[in-house]
Amino acid sequence: MGLLGTGMLITFTEVAPENELDFNEWYNREHIDERVFMPGFKRARRYVAADTATRVKYFATYETDTVRDLCAPAYMKLLADQSDWSKRVMARFTHFDRLTLTCTVDLAHGISGAAGLARFFPPEDSKQDLRSAMRDEILPKLAGRPGMHGATLLENDLDVVAEGLRAQGKAVPADMRQEWVVILDGSSPSIVGAALDAGFGDDELEGYGVPSSAIDLGRYALVFGNHR
């Protein structure tokens, strides 16, 4: 079974060490469950970095019917009415990054104990060829490695980003670029890490205008998840 829809919200977060206990309890006991039962949401999972080379310590995925669920009026209204616990925890974020994406290649299969992430900005003139290569060659090969369970390609939807910013009364940057995220699912951080290196190391995507130095790689272990 693949993803439970074509939309996905991904968040990257960090808090100070003295706030991590409250942060994790909130995420596991309130936030994931609350989000899963919002309109359009189907499943959520959260992860923690498995090594010190991974740039952001925590990331989470929220699967939705479509990416448009992430800018729907009902969703934006719910975001404006956070619980007291949510307000306290969110005010303590030392890092927060949010992407609203459409899945364009879905080779996901079940729920795995580890995830490898590759984040990059493909040049506009190489997107079509790179997307085809991801679908037909790169991701099937990585997902077929021993211990691997699946792979997905997700593309940030800039129209949804803009609508979300406007709904919050924020300016839309004129220089926004579309970021792509590849998620590799496997049985352990070391296995997904090896797959990341095979697929995105040694300038494997340089022919598409994406050198390895421009790809942000991360290795994560599953912490908690829930679904409808």
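A salt bridge is defined here as a side-chain nitrogen of Lys or Arg within 4 Å of a carboxyl oxygen of Asp or Glu. The model is predicted: local features need pLDDT of at least 70, side-chain atom pairs count only at pLDDT 80 or more, and totals for chains, interfaces and linings use all residues. Residues are numbered from 1 along each chain as its sequence is written, and side-chain values use heavy atoms, with hydrogens and water left out.

The structure contains 17 salt bridges. In one of them, the side chains of Arg 45 and Glu 63 meet at 2.8 Å, N to O. Arg 45 belongs to strand β2 (residues 41–49) and Glu 63 to strand β3 (residues 58–64), so this pair ties together parts 18 residues apart in sequence; strands are DSSP runs (E, at least two residues), numbered from the N terminus. Arg 45 is buried at 6% relative accessibility, and Glu 63 is buried at 0%. Buried means under 20% relative accessible area, exposed over 50%, and partly exposed in between (1.4 Å probe, protein chains only).

A salt bridge also joins the side chains of Arg 55 and Asp 216 (2.8 Å, N to O). Because Arg 55 lies in the loop between β2 and β3 and Asp 216 in strand β8, the pair links parts that are 161 residues apart in sequence. Arg 55 is partly exposed, at 47%, as is Asp 216, at 24%.

Strand β8 (residues 216–227) also holds Val 223, which is partly exposed at 36% relative accessibility. Beyond its neighbours within four places in sequence, Val 223 is in contact (heavy atoms within 4.5 Å) with Asn 28, Arg 46, Tyr 47 and Val 48.

Conventions: Helix = DSSP H or I, 4+ residues; strand = E, 2+ residues; numbered from the N terminus.
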